[in-house]
Amino acid sequence: MKNNLKKFIKLVFTIYVGALLLSWSIQYFFPTVDKSNLYIEEQEILANGKRVIHPFYLLDQPKSERTIILIPDLFGGPEFLLPLAHSLRDSFRVIIPEYPKSALDGEDVSFTVKKRSDYIDMLTDSLNLDGAHLLGHGYGGLIAIDLAEGRSSDKYKSLTLLSSYGPQELQFLGNHLINKSLYSMLYPVVTVFKYLVPHMGWYYEQPVDFDFARTLTALDQRPVREQLSQIKMPVNILQPEDDRYVSLAIAREIYRLIPHSSLFVVNGDHISTKENPSAFTPQIMEFISMAEKNLATGRENAEFSRVEASIKPFDTENFETIGGWTLIIIMFLIILIAIFSEDLACIAGGLLVAGGIIDFWFAVMAACLGVLIPDVILYALGRWIGNPILYYIPFRWFIKHEDIEKAEQMYRMRGVEIIFATRFLPGTRLPVYLVSGMINVKFSFFLFYFILAMIIWAPLLVWISALVGQPMISYLTSYQDYALWLIPIVLGVIYIVVKGITLISTPTGRRKVMVKVGRFREKYLGM
């Protein structure tokens with residue numbers, strides 16, 4: 001069995017290395033080049049003393065002096081909006097800005113929403129586009145909101161938000177710190193994907209790259225609520241009813257916060273903007289026509305009841321917890337966390353419940369799946385491979401032979417109690433589940449008591465975490481600018497304390513502590 005396992009691992013490793021070398025060769029000898037586009041233009045702007053080339057798409061209409069600026073989302077970029085631009089070009093000069101990535105001297109430029117809106121504002125000035133209309137799509141909606149806030153109606157006449165991002169509370173997990181922490185995980189993911197996955201050049205054809213990761217980690221939607229309350233120009237909100245990436249709840253909250261805005265819910269989904277632009281074009285055209293004739297409602301003419309509603313604080317009770325693809329992604333993340341730490345997955349699920357982001361039972365379901373799948377795999381590995389598994393990475397890093405021997409002895413004496421008890425004792429599960437397979441414990445017996453313990457442990461830990469997590473969420477909201485530094489320190493202190501208590505709780509551990517203290521005194525204190 002041991003020789004067969006070694007041969008199998010060598011075969012898999014050889015195939016992987018061969019595919020990776022082939023992928024690197026394809027990228028080296030056939031590098032991806034930027035696709036040329038008929039409509040691409042460039043304009044030099046001066047930003048904070050840096051000369052920056054700002055690319056943009058121009059669909060010109062010589063017979064019209066009306067201009068509309070379509071600000072793109074991260075996914076798809078300007079090309080995603082080209083069909084919509086074509087449907088508008090008969091009546092407007094259409095401009096779709098790209099986001100600059102570096103200055104002429106090679107230095108990086110800022111990826112924040114504020115800086116990108118400044119770049120587009122400079123581009124507008126350099127092209128003499130006074131009186132332009134703004135349309136922001138997805139992430140581009142945040143930039144359009146920043147441009148519209150406090151600007152005079154002479155520079156920008158109106159604002160249209162299409163499947164736009166909105167206030168922080170309704171974006172992904174609803175908390176800036178938690179979102180930023182998860183977004184920062186994109187860097188190692190993108191690094192592994194780019195250099196260690198044999199993608200054969202596909203990495204350069206999809207949107208999730210280092211620039212995408214930089215944009216998300218630079219994203220701060222905390223000011224958006226205040227910005228929306230300051231917009232005075234006419235605002236039109238368009239939202240596909242079945243958009244799985246930007247929920248209808250975001251559009252409704254933006255509509256509430258801008259008391260003079262109009263909201264139109266259109267049949268379709270997120271991709272409808274590209275595949276069926278005619279579903280949006282009539283509304284855009286009619287709204288802009290009214291804005292140009294000064295017939296569209298501005299803030300000064302907003303209904304009193306809507307003004308009153310707009311100043312009320314955000315109420316989580318009026319919003320359902322997230323669903324659709326966002327819920328699936330969050331549950332997947334909890335399952336992923338459980339692979340590394342089952343207890344941490346339940347705690348993370350509890351914090352999401354505390355924040356009103358997902359329902360309690362969805363958190364429990366995700367935690368249970370994250371626990372069940374890897375632990376059953378551990379049992380299967382123990383049964384299929386047996387003791388030779390201890391010689392291979394990563395198992396030899398975590399499991400010692402003496403741990404297996406102790407677990408096996410305990411198992412033979414108290415099998416049922418062991419399966420049940422290990423669920424509540426972190427650090428004992430890995431050797432016990434492997435031993436269960438190694439000594440051929442009946443799978444139905446193992447699975448029954450495993451699930452019995454899990455359905456008690458997971459809801460309990462998620463519930464406790466949600467209960468304790470309420471004040472923790474409030475604390476993070478108040479001190480989130482510093483929490484990224486405090487959390488690792490606190491976790492490190494907790495780890496050291498727990499390890500210390502564990503060590504001094506046994507005679508052997510106390511002897512080890514005394515020996516280490518003696519060596520420290522002798523080496524550093526000369527005592």
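**Helix packing and a buried serine**

Biologist: How are α2 and α11 oriented to each other?
Modeller: α2 and α11 are oblique to each other. Keep in mind that this is a predicted model.

Biologist: OK, what angle do they pack at, and how far apart are the axes?
Modeller: Helix α2 (residues 77-88) and helix α11 (residues 281-292) pack at an angle of about 55 degrees, and their axes are 10 Å apart.

Biologist: Is that a left-handed or a right-handed crossing?
Modeller: Right-handed, as α2 passes α11.

Biologist: Which residues make the contact?
Modeller: From α2 you get Leu84, Ser87 and Leu88. From α11 you get Thr281, Ile284 and Met285.

Biologist: And how many of those are nonpolar, polar or charged?
Modeller: The contact of α2 with α11 has 4 nonpolar and 2 polar residues, with no charged ones.

Biologist: New topic: Ser23. Where does it lie, and is it buried or exposed?
Modeller: Ser23 is in helix α1 (residues 2-29). Its relative accessible area is 0%, and buried means under 20%, so Ser23 is buried.

Biologist: What does the Ser23 side chain reach?
Modeller: The backbone nitrogen of His199, at 3.4 Å.

Biologist: Which residues is Ser23 in contact with, if you skip its neighbours within four places in sequence?
Modeller: Val197, Pro198, His199, Met200 and Gly201.

Biologist: Zooming out, how many helices and strands are in the chain?
Modeller: The protein chain has 21 helices and 8 strands.

Biologist: What share of its residues is buried?
Modeller: Buried residues come to 43% of the 527 in the protein chain.

Biologist: And how much of the contact count is between residues 24 or more positions apart?
Modeller: Taking contacts in the protein chain with a separation of 6 or more, such pairs account for 77%.

Methods:
Residues are numbered from 1 along each chain as its sequence is written. This is a predicted model: local features need pLDDT of at least 70, side-chain atom pairs count only at pLDDT 80 or more; totals for chains, interfaces and linings use all residues. Side-chain values use heavy atoms; hydrogens and water are left out. Axes are lines fitted to C-alpha atoms, for helices over the stretch in contact, and angles run from 0 to 180 degrees between N-to-C directions. Helices (H or I, at least four residues) and strands (E, at least two) are DSSP runs, numbered from the N terminus. Angles under 35 degrees count as roughly parallel, over 145 as roughly antiparallel, 65 to 115 as roughly perpendicular and the rest as oblique. A crossing is left-handed if the near helix is turned anticlockwise from the far one by less than a right angle, and right-handed if clockwise. Contact means heavy atoms within 4.5 Å. Ala, Val, Leu, Ile, Met, Phe, Trp, Tyr, Cys and Pro count as nonpolar, Asp, Glu, Lys and Arg as charged, and the others, Gly among them, as polar. Buried means under 20% relative accessible area, exposed over 50%, partly exposed in between (1.4 Å probe, protein chains only). A polar contact is a pair of N or O atoms within 3.5 Å; within protein, one must be able to donate a hydrogen and the other to accept it, and residues adjacent in sequence count only if both atoms are side-chain atoms.
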